[in-house]
Amino acid sequence: MSPATRRVLLQAALAFGLGLPGAAAFAASAGPTELRIGFQKSAINLLIVKQQGWLEKRYPNTRVSWIEFPAGPQLLEALAVGGLEFGLTGDTPPVFAQAAGKDLAYVGVEPAKPFSSAILVKPDAPLKTLADLKGRRVALQKGSSAHYLLVQALKQVGLTFKDVHPVYLPPSDARAAFERGSVDAWVIWDPYYAATELAIRPRVLATGKGLTSNNSFYLASPALAQQHPQVVSGLLEELTRADAYLQTHKREVAQFVSDFSGLSLATVHLFISRRPPSPVRPLTPQVVSEQQQVADAFHALGLVPRRVQVADVVWQPGATLAAQRVGAR
């Protein structure tokens, strides 16, 4: 982590969690002039907040923009170059971003969704087990949660990432390659997984169960965490409100998501059925430990250039000065 990022997170934690000079000024802030939020089709909580207009009502002096991305790596690239202030990704994109020296802050997490990702083969494929992936062409989004699922799945059967031929493609291109037989398998997440499941009835070699927690993380720019920590907390509150709304309005939400995304209503219902209740909370030590395992796995394989310490870029709004100094060492 760069010294600038460490300083930003320290200042954010102090301003939010301590009664020090400057804290009142942060709390009194009405919000940033602009808040650009990145989302994917899988970001149900963000989609509900967008559709309900809750942020616009909560921060009337802030211009809120919503930008869709096909996957987490592209979203975090926009965050790194100043094109976003906030967004949601799976577990792997932040690891690759941090290892590449990009500034970011983990500010929230949704509960694990191990059944929302899978390794797929076509119905008539000769591949029957994970071990059969050896020497095969496997489509996936590089640096995505699917990347980690594949690493863990291969490890479970005594293979390594070098035993397959990865074909790095974004989801839409990967599905086309999968359907025409240009690749032997595809590692993908919902709702792309649900849409393909209903369309062509692929066989599932594995889901994330027993392999990966498949955590979903909310990331913010260090500048947002430093200058508007109360807005970050407000975002987490609205996202948790959105999840509670989903639990009592599933039909309404499914119809909205279908209309917005172009996905069939059946696809959205299947996608939502695999999604547990997902209130948003700051990261716990257990979640940080799970995420460190993701980072260590990619470093051990030589897929990221350096070992990173996930805890270095975790937002801790209630931290004391002493605790924050220990974490920054």
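Q: How many bridges join strand β3 to strand β10, and do these strands run parallel or antiparallel?
A: In this predicted model, β3 (residues 86-89) and β10 (residues 216-220) run antiparallel and are joined by 4 bridges.

Q: Which residue of β10 does Thr89 stand opposite?
A: Thr89 faces Phe217 in β10.

Q: In what order do the strands of the sheet come?
A: The order is β2-β1-β3-β10-β4. These 5 strands make an open sheet, and their pairing is mixed.

Q: Which strands stand at the edges?
A: The edges are β2 (63-68) and β4 (105-110). Each has a single partner strand, so one side of each is left without a neighbour in the sheet. From one strand to the next, the twist averages 20 degrees.

Q: What describes two packed helices?
A: Two values do: the angle between their axes and the distance between the axes. Here, the axes of helix α5 (residues 72-80) and helix α6 (residues 92-99) come within 9 Å, with a crossing at roughly 40 degrees.

Q: Why is α5 called oblique to α6?
A: Angles under 35 degrees would count as roughly parallel, and 65 to 115 as roughly perpendicular. The axes cross at roughly 40 degrees, and that makes α5 oblique to α6.

Q: Is the crossing of α5 and α6 left-handed or right-handed?
A: The crossing in which α5 passes α6 is right-handed.

Q: Which residues make the contact?
A: On α5 they are Gly72, Pro73 and Leu76; on α6 they are Pro93, Pro94 and Ala97. By class, the contact of α5 with α6 has 5 nonpolar residues, 1 polar and no charged.

Terms used: Residues are numbered from 1 along each chain as its sequence is written. This is a predicted model: local features need pLDDT of at least 70, side-chain atom pairs count only at pLDDT 80 or more; totals for chains, interfaces and linings use all residues. Side-chain values use heavy atoms; hydrogens and water are left out. Two strands pair if DSSP finds at least two bridges between them. Helices (H or I, at least four residues) and strands (E, at least two) are DSSP runs, numbered from the N terminus. Axes are lines fitted to C-alpha atoms, for helices over the stretch in contact, and angles run from 0 to 180 degrees between N-to-C directions. Angles under 35 degrees count as roughly parallel, over 145 as roughly antiparallel, 65 to 115 as roughly perpendicular and the rest as oblique. A crossing is left-handed if the near helix is turned anticlockwise from the far one by less than a right angle, and right-handed if clockwise. Contact means heavy atoms within 4.5 Å. Ala, Val, Leu, Ile, Met, Phe, Trp, Tyr, Cys and Pro count as nonpolar, Asp, Glu, Lys and Arg as charged, and the others, Gly among them, as polar.
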